[in-house]
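The sequence and structure come first.

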Amino acid sequence: MIFLRSDSMRFSTIYLDNAATTRLDDKVLEEMIPYYTKHYGNASSLHSYGYDAKEAMDESRETISKILHSDFEDIIFTASGSEANNMAIKGLSFSEPNKKHIITTKIEHKSITNQLDWLETRGYRSTYLDVDKEGFVNLEQLEKSLEKTKDTLLVSIIHGNNEVGTLQDLEKIGKICKKYNVPFHIDACQSFTKSTIDVKKMNISLASINAHKIHGPKGIGALYISKEVKLTPLIHGGQQEFKKRAATENIPGIVGFAKAAEINNSSKISKQVTKLRDDLIKGLEKIVDSKLNGPKGEKRLYNNVNFSFKGIEGEALGGYLDQKSICTSTGSACSSKSLEPSPVLRAMGLDYEDANSSLRMSVSKYNTEEEIDYTIKATEEIVQKLRKISPIYKRK
Amino acid sequence: MYSKEVLKRFKNPKHAGEIKNPDISAEVGNIRCGDVIKVSLKVEKDKIKDVKFMTYGCVSAIAASDMLCELAKGKTLKEAQKIKFKDVLEKLEGLPPIKYHCSVMAVEALQKAIKEYLKKAKESKIKDKPKDKSQQNKEKTGKTLAPTKKATEKTTLAKLPQDVKTQKILAKHGVPCISCPHVGYEQESLTLGFIAKAYGIDLKKLLKDLNK
Ligand SMILES: Cc1ncc(COP(=O)(O)O)c(C=O)c1O
């Protein structure tokens, strides 16, 4: 988000913005290249080049469907996570025109909230469920809302939150949705391969995923669509993707997505990144008047760290970190277009000061312990420097 | 995104910190919009001998505060009173429009400090003579303006009726910190057209609501 360059630094850039996007894995790129230069056929063509493409696509679909515990034909490739989210909600709304109520949460990604804002201008009503101070959705409120309304189109919930890393209890939510027979959509763009998703066991009807958060290519995503829900396509045209989404398939993207998912679906990587995350949390907790936002342990995305530092503003902190070649992201008002701090942090009960003082650092398998140590030191230094010129930081 | 000058100022602000025993200091802004700026002055023979800032705020707020101090240092109080947020913007080689309020606030802090300094100076001169009541009243009501006038793109914030209804309309359209009571001085130079452009607000709709 900030583009400040530094002149002389010990390390090359330390990238801690893996919740925004990730570095492409070399092995993924290797797998993709032949589908640009050799097997570049159209998967619908009836010749050898076409068959090669189709075969690669089928294998990739198989890989992804296995990770989600879904059936092969229930995975539809899209051009992004945002498209998958739009397809889930709008697609369903086109097939069920009488259901005008949508239940979601106060901590969704913009590709959900901006959609709902638009749908509201077209006669829809949305219920935004509260979350507690760690970001967990209020399930009693969910039940009440389902009980009260008879025209709920779907329940749409972000699985792993992109700002604070909270992982929702899908099994519990799935049970509630089943009880009321309402489709259950999850936005799993941050959590796919990082946290277990079993669409059958968890009674999930729709799941949005994408590749660029897990060292795959940008511009490729997928939507899991259970056979129990009928979606109207958003993109009409050819017969691709079981007639659910027209367009010549992005074979290199699909192949890269599957490879990235296969690599990242590993307990070794999970352990490795979790350790980096927890070391970073431990180090930042030692800074005076700092506070971790979101939960700890297994209920937090293994790559997410989010802190508030009393008395200083998040964008300035991020700006000075960038001077030291450390890339981070903030939920402060200054970084938003609306001059309002992060609605996610506000929903979790943070006051304006703490929300504006927040900084997100998201790690990946490419980070090292050395980088984490350096980041902790740099953060502490900058926090102290900013507090010295802060008119609101009260020294104890 | 940011100009070279903004980054230079942000990276190495020259005037950050606190003056020991300042002659006056003033603070503006609120945490809600993410910026609080405090300016302190040392005045000698009506000249600003030293000026420093403390800022809780983003990259732009720190750069704008520092530039403001640069502009104010060495000037007479009278000269410094003429500094406008556009001067700060210009010297910074621009800010992203959504960050204009940072320069507005920096200037605001300085003007507030100067005003309070002059008031203090005057009060210490005529300590025993309390202000007569009619004058106080005048000060209080001085801001109410003819509410019948139609708002146009050239209308400044100062010319709008200072009532809750207007504040609500401004808030509804997303006119940011500028509509908050802290920003007094610049209200006279901030036109609705300028604000709409800076913050991507639909001017037509805003005017329609204001003129209802
Ligand atoms: C939770 C969440 N949902 C959706 C998206 C959108 O994904 P994409 O960038 O592929 O459109 C993102 C990433 O930006 C995300 O973090």
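How many residues of chain B are in contact with how many residues of chain A? In this predicted model, 29 residues of chain B are in contact with 31 residues of chain A, contact meaning heavy atoms within 4.5 Å.

## Basis and confidence

Residues are numbered from 1 along each chain as its sequence is written, and chains are lettered from A and ligands numbered from 1 in the order in which they are written. The model is predicted, with local features needing pLDDT of at least 70, side-chain atom pairs counting only at pLDDT 80 or more, and totals for chains, interfaces and linings using all residues; side-chain values use heavy atoms, leaving out hydrogens and water.

The average pLDDT of chain A is 95, and 95% of the residues score at least 70 (pLDDT is the predictor's confidence in each residue, from 0 to 100). Over residues 1–10 of chain A, pLDDT stays under 50; the model has 34 contacts beyond four places in sequence for this stretch.

## Chain B against chain A

About 2,400 Å² is buried between chain B and chain A, with 66% given by carbon and sulfur atoms. Buried area is the accessible area (1.4 Å probe) that two parts lose on being put together, summed over both. On the chain B side, B:Lys11, B:Arg32 and B:Tyr56 lose the most area to chain A, together 29% of what that side buries.

One salt bridge is counted between the chains (a side-chain nitrogen of Lys or Arg within 4 Å of a carboxyl oxygen of Asp or Glu). B:Lys99 forms a salt bridge with A:Glu315, where the closest N and O atoms are 3.4 Å apart.

## Domains of chain A

Chain A is divided into domain 1 (2–16 + 267–388) and domain 2 (26–264), with bounds from an automatic or database domain assignment. Their centres, taken over C-alpha atoms, are 28 Å apart. In the contact between them, 22 residues of domain 1 of chain A meet 24 residues of domain 2 of chain A.

The area buried between domain 1 and domain 2 of chain A is about 1,900 Å², and carbon and sulfur atoms give 59% of that area. A:Leu301, A:Val344 and A:Met348 of domain 1 lose the most area to domain 2 of chain A, together 32% of what that side buries. The count of salt bridges between domain 1 and domain 2 of chain A is zero.
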